Amino acid sequence: MKQWTEEDLILLFYGELSADQANQLNEVLARSTAPSRALRAQYEALKEALGPSLEFDVPAPSSGLNDRIMAAVNVAECDKQERLRSIVTVEPEADLSVFSRVSQRLSDWFAIPRGQNIKSAFAFTVLALIGIFYLGRWSADPVSMPIVTIDKQEVDQQGPRSGQELGRRVLLTNVSAHIESGQRLLTLVSNGGESIAQDIEPRRQMIEDLISFNRLYRRMAEQKNDAMLVSVLQQMESTLLEINHTSGDVADWQSLQRRLADRDLLFKLKVVDNKINRELI
Amino acid sequence: MQTEIELINLVKAGDMYAFQRLVELNSGKMFAAAYRILKHKEQAEDCVQEAFLKVHLKIDTFNQQSTFSTWLYSVTVNVALDMLRRNAKHSQCSDYDFDQLSTPESNGPEKAAWISDIGGVTEHAINQLNDDVRVAFVLRHYEERSIGEISEMLKLNPSTVKSRIFRAVQRLRKTLNSLEHKVGEYETVD
């Protein structure tokens with residue numbers, strides 16, 4: 001006869017015993033013999049320990065979590081598309097003839113998904129025009145047939161470079177817009193009077209969204225090793241968290257305003273935003 | 001209303017709205033699992049974000065042999081475990097002072113605070129478990145994943161998962177018995 005252990009009871013509690021074993025154990029628990037009563041008491045104690053007393057409250061996630069996830073996924077998707085484009089447009093051999101280059105461009109045209117082939121189309125058109133130009137000269141003057149030389153590296157890199165540039169500009173525009181929203185909020189807090197708590201209250205949702213996106217941009221800046229942006233975004237994040245957690249007490253707001261002035265955060269944000277805008281121009 | 005499988009097929013075809021729908025359907029559950037493992041709201045959110053990024057990147061490799069939910073849990077739990085390992089280098093878990101639970105001598109605010117602290121003790125008792133043991137327990141007890149699924153997620157033998165769950169239950173019961181003893185003391189005073 002099987003000796004039932006506490007481990008069997010735990011497995012029974014979680015429904016992890018096989019149907020046969022569970023039936024056997026339930027039969028044993030239902031008996032009125034002394035060992036069965038002891039086992040039943042043990043099982044009751046276990047159920048009590050693993051019951052409602054083990055509640056573990058989980059706070060609600062930030063309301064902007066799903067937006068943040070989708071923003072990160074969209075940025076990753078842009079990076080993926082850029083990488084894909086750079087792989088497709090890099091030619092495999094260094095000494096391709098004009099004919100094979102044109103063939104390669106044609107096959108690339110059909111290989112690239114629609115919507116990503118504007119750069120390739122441009123490169124192909126340039127190649128075709130050059131080809132037509134030299135074909136015209138060759139047919140006009142058969143004696144001096146020119147050797148076609150195309151700066152292959154330049155043509156190849158045009159697509160991916162422009163694609164990466166576009167992705168970077170989109171990201172910088174978003175970061176700049178984020179910093180400007182942060183600046184507006186911090187200006188409101190810095191200049192706020194006694195009604196500051198009432199002014200901030202309707203903006204709680206916006207503050208939470210700013211915190212979420214700030215964390216996203218900070219992580220991206222960390223990945224790009226942009227130390228200056230990381231540092232400013234870190235300071236902005238801690239300030240936003242403080243604002244979000246400050247209650248209606250005027251003294252708390254005044255203390256926050258003093259800390260904000262000491263950190264010179266508004267000035268730092270302005271400097272970083274100007275730098276980003278210069279890069280965009 | 002599209003089923004999960006339909007949504008996954010749409011995502012595989014490049015439909016971002018379908019992916020957004022999958023995020024909306026699952027992010028709450030994944031956040032709860034991540035929070036119970038990481039014990040930190042912001043880190044749990046970062047974990048869920050990273051997990052969904054990985055899922056989006058690898059959705060083509062999802063072959064529907066396991067359920068999407070199990071796969072998603074698997075990715076989330078493994079990201080959370082990586083974060084725990086990284087955190088372990090930077091921080092140390094503080095020991096909870098159970099003497100703080102000295103029984104109040106009267107009714108009123110002290111009593112209310114003491115009673116509310118009991119819930120905190122339960123949570124802390126779980127947090128005091130060794131990470132490996134706690135993760136297995138959290139997945140079985142709170143996330144209601146079977147031992148088979150947990151062993152698949154954590155890439156462990158089912159007997160190892162069972163043994164971790166047994167250890168977790170034993171440790172928790174010991175802690176809760178100590179709490180019961182404190183409650184007894186309190187009732188005597190009251």
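Good morning. A crossing of two helices is called left-handed if the near helix is turned anticlockwise from the far one by less than a right angle, and right-handed if clockwise. Helices here are DSSP runs of H or I with at least four residues, and strands are runs of E with at least two, numbered from the N terminus.

The model is predicted, so local features need pLDDT of at least 70 and side-chain atom pairs count only at pLDDT 80 or more, while totals for chains, interfaces and linings use all residues. Residues are numbered from 1 along each chain as its sequence is written, and chains are lettered from A and ligands numbered from 1 in the order in which they are written.

I begin with chain A. The crossing of H1(A) and H3(A) is right-handed. The axes of H1(A), residues 6-13, and H3(A), residues 34-49, come within 10 Å and cross at roughly 50 degrees. Axes are lines fitted to C-alpha atoms, for helices over the stretch in contact, and angles run from 0 to 180 degrees between N-to-C directions. H1(A) is therefore oblique to H3(A); angles under 35 degrees count as roughly parallel, over 145 as roughly antiparallel, 65 to 115 as roughly perpendicular and the rest as oblique.

Which residues of H1(A) meet H3(A)? They are Glu6(A), Leu9(A), Ile10(A) and Phe13(A), and their partners in H3(A) are Gln42(A), Tyr43(A), Leu46(A) and Lys47(A). Two residues are in contact if their C-beta atoms, placed from the backbone, lie within 7 Å. Leu9(A) and Ile10(A) are among the buried residues of H1(A), buried meaning 20 or more other C-beta atoms within 10 Å of the residue's own. Just after H1(A), Gly15(A) takes a positive phi of about 70 degrees.

I turn to chain B. Chain B has eight helices and zero strands, and 32% of its 190 residues are buried. H1(B), residues 4-12, packs against H2(B) at about 135 degrees, with the axes 7 Å apart. That angle makes H1(B) oblique to H2(B). Leu7(B), Leu10(B) and Val11(B) in H1(B) meet Ala18(B), Phe19(B), Arg21(B) and Leu22(B) in H2(B).

Finally, the interface: 33 residues of chain B are in contact with 22 residues of chain A. On the side of chain B that touches chain A, H2(B) gives the largest share, ten residues. Thank you.

Methods
Buried ≥ 20, exposed ≤ 12 C-beta atoms within 10 Å, placed from the backbone.
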